[in-house]
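The following note sets out several points for a colleague who is examining the structure. Please read it alongside the sequence and the model.

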Amino acid sequence: MSLCIDTQTTLVDAVNASVVDVFQMMVNEEAVVLEKGDLPRSSIASNVVENALTIAMGFSGDLTGSCCICLPQDAAIRWANLLIGHQTEEIDQTVIDAASELANIIVGGVKRRLCDFALTMSLPSAIRAGERNLVFASNISPIQFRYKFGECELAVVVALSQSSVC
Amino acid sequence: MKVLLVDDSGVMRTIIARGLRSLFIEEVVEAADGVEALAKFGDGEGFDLVLTDWNMPNMSGLELVQALRGAGHRLPIMMVTTETEKSQVLKAIQAGVNDYLVKPFDQEMLQLKLNRVLPSTQTA
């Protein structure tokens with residue numbers, strides 16, 4: 001079942017607050033909210049594999065689905081550098097670990113802000129692809145959020161369904 | 001001061017260890033899960049504090065706390081986690097956790113929490 005309007009509003013606020021909070025607290029950098037909208041179906045399942053990193057985490061309970069943190073290569077590398085000073089020109093294991101931690105803390109913050117829902121979140125899984133390569137079941141309408149930090153961008157794609165009646 | 005830092009994320013261990021060292025806590029023993037933590041903890045001699053993540057493979061932070069308290073160790077233990085659900089917090093307190101450091105956190109928050117669990121040895 002699609003998300004109720006109230007749930008969508010709460011979710012949008014929770015995602016934005018969590019992303020901004022994580023960047024401010026962990027690396028003292030401003031994450032600017034660029035846009036929020038439905039993930040365009042036309043851009044889903046692109047044949048172009050982006051040089052990017054996506055960290056997927058599952059939700060179960062009152063809301064079911066996933067939350068994906070999508071980082072183009074430059075954003076993933078910059079995040080690892082800001083977080084622990086890691087220097088690299090390619091996505092390596094340390095970059096993947098840093099991005100996984102980013103996802104873990106963002107999604108944990110979203111869960112904390114959705115305290116009216118009983119939710120369990122899974123451990124993060126890393127995928128070497130960007131948001132254009134993500135596909136979802138037809139009964140779920142993913143919502144995409146975009147942010148800018150420095151000259152880099154990241155996307156958060158939330159694909160959830162609600163078990164209870166609105 | 002000697003701290004046992006337990007987290008399956010090497011990145012998070014790096015961040016916290018760096019934060020501890022900037023607060024003049026020089027001896028930080030790292031472990032990637034509860035099993036490794038217990039092995040490095042030994043009889044606990046010399047340790048002043050345990051900082052542990054909650055969700056880890058092999059042995060969780062909660063199981064580690066239960067094992068340490070079950071063995072009679074009374075040193076301060078702080079959970080570093082995103083988990084703040086009331087029932088989970090209650091479980092941790094019942095197991096013997098002294099305080100919580102919720103992710104995300106900054107250096108100021110880390111220092112505040114350390115001063116709270118180690119009042120006799122105020123950090124900088």
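**Notes on the predicted model**

1. From the N terminus on, the elements of chain A run α-β-β-β-α-α-β-β-β-β, which comes to three helices and seven strands. Helices (H or I, at least four residues) and strands (E, at least two) are DSSP runs, numbered from the N terminus.

2. The model is predicted: local features need pLDDT of at least 70 and side-chain atom pairs count only at pLDDT 80 or more, whereas totals for chains, interfaces and linings use all residues. Residues are numbered from 1 along each chain as its sequence is written, while chains are lettered from A and ligands numbered from 1 in the order in which they are written.

3. Chain A has 166 residues, of which 38% are buried. A residue is buried if 20 or more other C-beta atoms lie within 10 Å of its own, exposed if 12 or fewer, and partly exposed in between, with C-beta atoms placed from the backbone. Among contacts in chain A between residues at least 6 apart in sequence, 68% join residues at least 24 apart; two residues are in contact if their C-beta atoms, placed from the backbone, lie within 7 Å.

4. The contact between the chains takes 15 residues from chain A and 13 residues from chain B. On the chain A side, helix H1 (5-27), helix H2 (73-84) and helix H3 (93-113) each supply at least two residues. The largest share, eight residues, comes from H3(A). By class, this side of chain A has eight nonpolar, three polar and four charged residues. Here Ala, Val, Leu, Ile, Met, Phe, Trp, Tyr, Cys and Pro count as nonpolar, Asp, Glu, Lys and Arg as charged, and the others, Gly among them, as polar.

5. In chain B, helix H5 (residues 107-117) has B:Leu110, B:Lys113 and B:Leu114 buried. Seen down the axis of H5(B), the buried residues fall within an arc of 100 degrees, so they line one face of the helix; the arc is that of the directions from the helix axis to the C-beta atoms. Helix H1 (10-22), E4 and strand E5 (99-102) of chain B are included in what covers these buried residues. The face of H5(B) turned away from its buried side carries the exposed residues B:Glu108 and B:Arg116.

6. Is B:Glu83 buried or exposed? B:Glu83 is buried, because 21 other C-beta atoms lie within 10 Å. This residue is found in the loop between strand E4 (77-81) and helix H4 (86-95) of chain B. Leaving aside neighbours within four places in sequence, B:Glu83 is in contact with B:Trp54 and B:Gln88.
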